[in-house]
Amino acid sequence: MESNNITINGNTLTFEPGQTILQVAQKNDIDIPTLCHLKNTIPTTTCKICVVEIAGRTELIEACATAAADGMIILTQSLKVTKERRKNISRLLASGNHNCAIRGFDSQDWTSFQLGVLKDDGKEDLCPVWGDCELQDLAYRYQVKTLGLPLNGCKYETERANPFIIRDFSRCILCGRCVKACREIQVNNAIEFSNKGADAKIITKNDAALKDSDCVFCGECVQVCPVGALISDKSYRDKRFKDTQKIRTTCSYCGVGCQMDIFVQDNKIVKIDGADVDLPPNNASLCVKGRFGYEFVASSERLTQPLIKKEGKQVPVSWKEALDYTAQKLSEIKKNTGPDSIGVLTSARVTNEDNYIANKFARAVLKTNNIDHCARL
Amino acid sequence: MTNTIADIEDSDMILITGSNTTENHPVLSSFAKRAVLKGKKLYLIDPRKVKISEHAEKWLRPFPGTDIAWINGMMHIIIKEGLENKEFIENRTENFEALKETVEKYTPEYVGKITGINAQDLHEVARAFAKAPAATILYCMGITQHTCGTDNVKSLANLSMLCGQLGKPGGGVNPLRGQNNVQGACDMGGLPNVFTAYRPVNNDDARIGFEKAWNVEGMSAAPGLPVTEMVQKAYEGELKSLYVIGENPLVSDPDLNHARKALANLEFLVIQDIFETETTKIADVVFPAFCFAEKDGTFTNSERRVQRVRKAVQAPEEAKEDWEILCEIATRMGYRMSYSGSNEIFKEISALTPSYKGITWERIEKKGIHWPCPDETHAGTPILHTAQFTRGLGFFHAIDHTPPAELPDENYPYILTTGRILYHYHTGTMTMKTDGLNILSPECFVEISAADAKQLGLDSGSMVKVSSRRGKIEAKLKVSSKAVDGTIFIPFHFAKAAANELTNAKLDPTAKIPEFKVCAIKIEPVTA
């Protein structure tokens with residue numbers, strides 16, 4: 001009888017034919033770190049962090065791109081694996097401008113090191129995703145210092161020529177997740193890899209700025225970027241270290257009903273991400289409106305007081321006055337010209353609970369069936 | 001939608017019509033685009049060459065307002081070639097003979113004359129649809145916003161039933177809901193003729209049931225007015241008062257000139273909203289309400305999935321929840337309405353709504369559930385009509401093509417069609433508060449084909465006056481490869497150049513939906 005079993009770190013696990021070692025591990029809560037893997041896309045194998053050791057093979061292999069085969073005996077944390085991961089993390093740290101605190105410095109002069117960092121950075125703050133960076137996390141976890149590594153500058157300038165996405169090529173590790181997100185998840189086909197080796201870069205068609213490209217600013221690339229190469233222009237800019245609450249809810253734009261996580265600081269939305277990759281209906285994707293179109297919530301133009309038109313002009317009044325007046329007017333009209341001289345437009349924008357109450361209000365209180373909403377418009 | 005959004009990715013053939021999917025349902029469009037990546041076939045039948053066409057096997061271009069003709073034409077071909085699903089027709093449907101008789105005259109040549117679609121293309125799509133193991137139809141307002149909107153929808157249902165593409169994974173007839181909770185508003189009885197779960201108000205059992213549950217007497221058995229007729233009755237002086245929740249009819253209604261007069265004629269206009277809008281400006285009372293990020297509750301998405309909405313931030317101090325405002329007024333009018341919170345309201349909904357009966361907030365804490373969900377052990381219903389249709393057998397409606405209410409002529413030589421764009425939403429009250437969206441899409445535009453622009457002697461950026469028999473606006477011309485000669489597209493978001501000044505308020509007789517997708521206009525240069 002055919003069996004589908006592999007052993008990872010001494011645990012025998014079954015797999016479905018076609019599953020990769022990484023998928024089997026993830027399904028069984030065995031952690032194999034990776035910086036380039038993106039669920040539901042074809043592996044790029046650019047980061048080489050997910051390497052594991054297979055009994056009987058001298059070469060380490062990439063767990064993200066290797067199918068599980070019956071009888072495989074796999075080690076995910078052997079000395080050999082750890083050494084290789086450290087080497088690869090080190091390579092990625094050296095590939096660009098990763099001036100976070102885990103970086104060592106090769107002279108004994110801290111000041112000149114800092115000046116060097118600032119010069120390469122071209123700005124005075126540290127990396128904007130400090131503390132929220134998968135590369136930094138791994139460097140810390142594997143205790144990789146970059147002592148002796150040169151500080152690499154970047155020949156490509158940071159792009160800020162659009163309202164939503166900052167592209168800082170100096171921090172890009174060319175993992176390719178953004179390309180996968182753009183081409184295989186959202187299928188907007190706006191970005192791709194260009195060149196090889198030292199000149200490699202993620203580009204749009206003709207290397208135009210995002211705003212002049214096929215980019216539709218869905219921001220999926222920002223969401224999957226493991227480092228600080230793609231960041232939202234708004235998020236976490238000033239108050240990164242403040243308490244942040246994360247609330248899961250449903251998007252309020254079109255009828256797809258995307259599940260999203262709203263990040264709140266000081267009662268203000270600072271960021272919105274797609275929810276879990278396994279959660280329908282959107283599997284963590286969002287569009288430009290859902291991800292970035294939240295400024296209306298905290299807009300200074302929000303209505304904040306009830307208004308009543310008096311002598312042709314709307315004036316602010318108390319809730320009591322507005323409610324009393326409305327109830328009195330509606331009662332009058334209902335009595336004088338009948339319930340069907342009143343109509344209610346409920347809303348496709350408000351909750352089921354709001355709509356139900358509007359339906360009850362029209363039929364049970366006003367006693368009319370004149371209730372509708374803008375489904376047709 | 002009869003099927004789920006995830007299902008689209010598993011369809012073998014995706015037929016998109018009357019939907020600018022990538023702009024109006026971007027995340028859903030990805031499911032269709034990924035299906036294409038996997039080798040599945042997508043066909044677009046639409047008056048505009050919208051962006052999803054780049055992923056399509058073929059784009060077929062019908063003249064606006066000729067959908068019944070091409071759908072009948074597809075069915076004609078399918079029946080002629082014996083590709084219909086005989087077993088499905090036999091077991092699951094009735095009135096097939098009448099349909100067959102009606103579509104008999106819709107030969108590819110006849111259809112070509114009405115629609116402009118060539119016979120070979122029509123054959124290709126018809127065969128692909130009929131032969132696909134699972135074929136889905138995705139449609140949107142391009143199908144419904146016509147004087148024959150209801151018949152358009154029935155025709156698509158005919159096509160799907162004819163090929164047995166309903167009631168199975170990857171198939172179905174799938175209207176894409178344009179607003180976050182259109183589905184829920186309909187489910188909750190936000191319609192003139194039905195209570196929650198679509199039980200008719202003139203059904204005595206339903207009405208008496210609600211009278212008992214709500215402890216009232218004398219509820220009306222007469223179906224009420226749909227929005228479009230309320231506006232007309234206000235115009236005529238019969239409707240005295242309108243209570244509006246979170247809508248902006250003075251940008252979204254057809255023929256705004258008429259709508260403004262109608263609303264101005266009201267004795268008492270009340271509005272609950274989160275912003276000042278064109279409509280709140282003329283209201284007698286305005287109540288400040290909560291927005292979605294400040295509410296606890298539920299929305300029901302396009303695939304009938306009931307999902308949680310959670311409070312993320314505190315609302316402005318003086319605002320109140322929409323339901324709370326209504327309760328306060330009801331109580332003052334002598335009918336006490338009081339709830340401790342939205343969850344208590346949802347429990348009442350579940351108790352009184354068969355399709356929501358098994359849904360609780362606890363059950364949808366992590367993941368939403370598709371209605372119908374008749375009890376708390378039921379997992380929900382991702383796919384409708386798997387064993388039978390709501391009425392039992394699926395009924396084939398034999399339908400003939402009818403032309404739009406207003407067609408181009410010498411004075412108004414272009415067809416106008418309206419819709420949305422990626423960066424804005426409806427009347428823009430929300431999206432236009434985000435600077436970045438305004439930067440990406442700052443103003444209204446008049447989308448025109450290169451040939452039409454050339455004939456006018458104008459180019460992108462030229463200011464033009466667009467007028468119809470009902471009104472006029474000024475906006476910049478935008479030459480686009482999406483446009484086809486003779487058809488102009490204008491987004492309706494922008495109050496400053498509101499496309500609905502131009503649109504025709506002629507209604508579909510059943511759904512009372514206005515014909516936003518076809519009216520006649522002329523274009524003139526604006527001299528500075």
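Reply: Happy to. One definition first, for the element names: helices (H or I, at least four residues) and strands (E, at least two) are DSSP runs, numbered from the N terminus. Also, keep in mind that this is a predicted model.

Me: Good. Where is A:D207, in those terms?
Reply: A:D207 is in a loop of chain A, the one between β8 (201-204) and α6 (220-224).

Me: And what is phi there?
Reply: Phi of A:D207 is near 55°, which is a positive value in a residue other than glycine. Most residues other than glycine have a negative phi, and most peptide bonds are trans.

Me: Speaking of peptide bonds, which ones are cis?
Reply: Here are two. In chain A, a cis bond joins A:P280 and A:P281, with omega about 5°. In chain B, the bond from B:W371 to B:P372 is cis and has omega near 0°.

Me: Where do A:P281 and B:P372 sit?
Reply: Both are in loops. A:P281 lies between β12 (268-274) and α7 (288-292) of chain A. B:P372 lies between β12 (369-370) and β13 (394-395) of chain B.

Me: Let's switch to the interface. How many residues of chain A and chain B are in contact?
Reply: On the chain A side 108 residues are in contact with 148 residues of chain B. The two chains bury about 11000 Å² between them, and 64% of that is on carbon and sulfur atoms.

Me: How many salt bridges does the rule find across it?
Reply: There are 5 between chain A and chain B. One of them is formed by the side chains of A:D354 and B:K295, at 2.6 Å from N to O.

Me: Which element gives the largest share of chain A's side?
Reply: Helix α9 (residues 352-366) of chain A does, with 14 residues. By class, the side of chain A that touches chain B has 54 nonpolar, 32 polar and 22 charged residues.

Me: Which strands are joined between the chains?
Reply: Strand β13 (residues 307-310) of chain A is joined by 2 bridges to strand β9 (residues 285-288) of chain B, and the two run antiparallel. In that pairing, A:I308 has B:V285 as its bridge partner.

Me: Now sheets within chain A. What is the order of the 5 strands in the open sheet?
Reply: The order is β2-β1-β5-β3-β4, with mixed pairing. Strands β2 and β4 (61-62) stand at the edges with a single partner strand each, so one side of each has no neighbour in the sheet.

Me: How do β1 and β2 pair up, parallel or antiparallel?
Reply: Antiparallel: strand β1 (residues 5-8) and strand β2 (residues 11-14) of chain A pair over 4 bridges. A:N5 stands opposite A:T14, and A:T7 stands opposite A:T12. Their hairpin has 2 residues between the strands, and A:N9 takes a positive phi near 50° there.

Me: Last topic: how many helices and strands does chain B have?
Reply: Chain B comes to 19 helices and 19 strands. Its radius of gyration is 24 Å, close to the 24 Å that the globule rule gives for 528 residues, so chain B is as compact as a globular protein of that length.

Me: And what does its C-alpha trace span?
Reply: Along the principal axes, the C-alpha trace of chain B spans about 65 × 65 × 40 Å.

Notes. Residues numbered from 1 in each chain as written. Chains lettered and ligands numbered in written order. Predicted model: local features only at pLDDT ≥ 70, side-chain atom pairs only at ≥ 80, totals over all residues. Heavy atoms only, no water. Contact = heavy atoms within 4.5 Å. Buried area = accessible area lost by both parts, 1.4 Å probe. Salt bridge = Lys/Arg side-chain N within 4 Å of Asp/Glu carboxyl O. Nonpolar A, V, L, I, M, F, W, Y, C, P; charged D, E, K, R; others polar. Pairing = 2+ DSSP bridges. Rg over C-alpha atoms; globule rule 2.2 N^0.38 Å.
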